[in-house]
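Work through the exercises below with the model open. Try each task before reading its solution.

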Amino acid sequence: MQIGMIGLGKMGANMARRLMAAGHTCVVYDQAAAARDDLVRYGAVAATSVTDLLHRLEGHPRAVWLMLPAGKVTDAVVDELGGLMAKDDIIVDGGNSFYKDDIRRSATLAARGVRYLDCGTSGGVWGIDRGYCMMIGGAKAAVDHLDPIFTSLAPGVGGIPRTPGRVGSDPRVEQGYLHAGPSGSGHFVKMVHNGIEYGLMQAFGEGFDILRNKDSVDLPESERLSLNLADIAEVWRRGSVVSSWLLDLAAAALARDPALSTFSGYVQDSGEGRWTVEAAIEEAVPADVLTTALYARFRSREAHTFAEKMLSAMRFGFGGHEEGREAIDPESQPVGAPAA
């Protein structure tokens, strides 16, 4: 299947590579010529503009996938595409857009006959090997048309045991992608996913900070313990109820540097944590943990704790986010990288 890809950053380029490895044809565009040229080496067709990309897509309907920063940048490209595309063509926003923007865009494009899908995409920089978990909003017919694309990007069933009682449910969910509902639902589900992620990361960060400070001079000498955090993280990965990919990333970071000395503890938020808290307020739903986790990130920009170094290490592990890190060896493999 042929698809256009606009935005060739950390995730966009890897998604194009994964699609081409599965036999799809990608027509790619990014403002950075080097990013386009790099994908040509993998078999992509490079376009020099949005208009050129559409001209290079064959057949009908055409489909274009966006991996761009949320907000004005995505709005501008969606508007440009909407003015150039034909009836039944499809735009997929796979970035981290605000779900209310999706609802607005979908309605505007529908008046022109262009179909719009919002796709919450989780998988970070390692999705090229692990696959991408996707939560999709929009018309069923458009989702079904792009099913070969979603199937190739998704992780597949893998070794995860089937959940009892799911007989008769949508089998695509077990492959790692979901048609969540109408426009906006995909990014709404991904937004809450990221809010939960904040809470889980904060819990790990605080827990390891408590373990690390058990040898504090403020404690009675008889109660002080010097604990090996890397070993604790490793044993928890194996059979404990808190095992997870986030713990895998934490364990890898601690094994590499138990003091996390290359991380400042300055932790950014992508915006989705804020939107999740705003949604909780609109729905009058208590969200104590998620709200506190968001505020902890705000605090991290003023004073840094070991817990916040843990958050920064996990963010670097799954997304390659560099936030106030000290210089590290550029040839070194990021923590949490899959084994070769």
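**Exercise 1: the sheet**

Three bridges link strand 1 (residues 2–6) with strand 4 (residues 63–66), and the two run parallel. This is a predicted model: local features need pLDDT of at least 70, side-chain atom pairs count only at pLDDT 80 or more, and totals for chains, interfaces and linings use all residues. Residues are numbered from 1 along each chain as its sequence is written, and side-chain values use heavy atoms, leaving out hydrogens and water.

Solution. Strands pair if DSSP finds at least two bridges between them. Strands are DSSP runs (E, at least two residues) and helices are too (H or I, at least four), numbered from the N terminus.

**Exercise 2: the cysteines**

Task: explain why Cys-26 forms no disulfide (two cysteine sulfur atoms within 2.5 Å).

Solution. First, search the whole structure: zero disulfides turn up. Now take Cys-119: its nearest cysteine sulfur, in Cys-133, is 9.1 Å away, and Cys-119 is in no disulfide. Cys-26 is buried at 0% relative accessibility. Cys-119 is buried too, with a relative accessible area of 0%. Buried means under 20% relative accessible area (1.4 Å probe, protein chains only), exposed over 50%, partly exposed in between.

Key
Disulfide = S-S within 2.5 Å.
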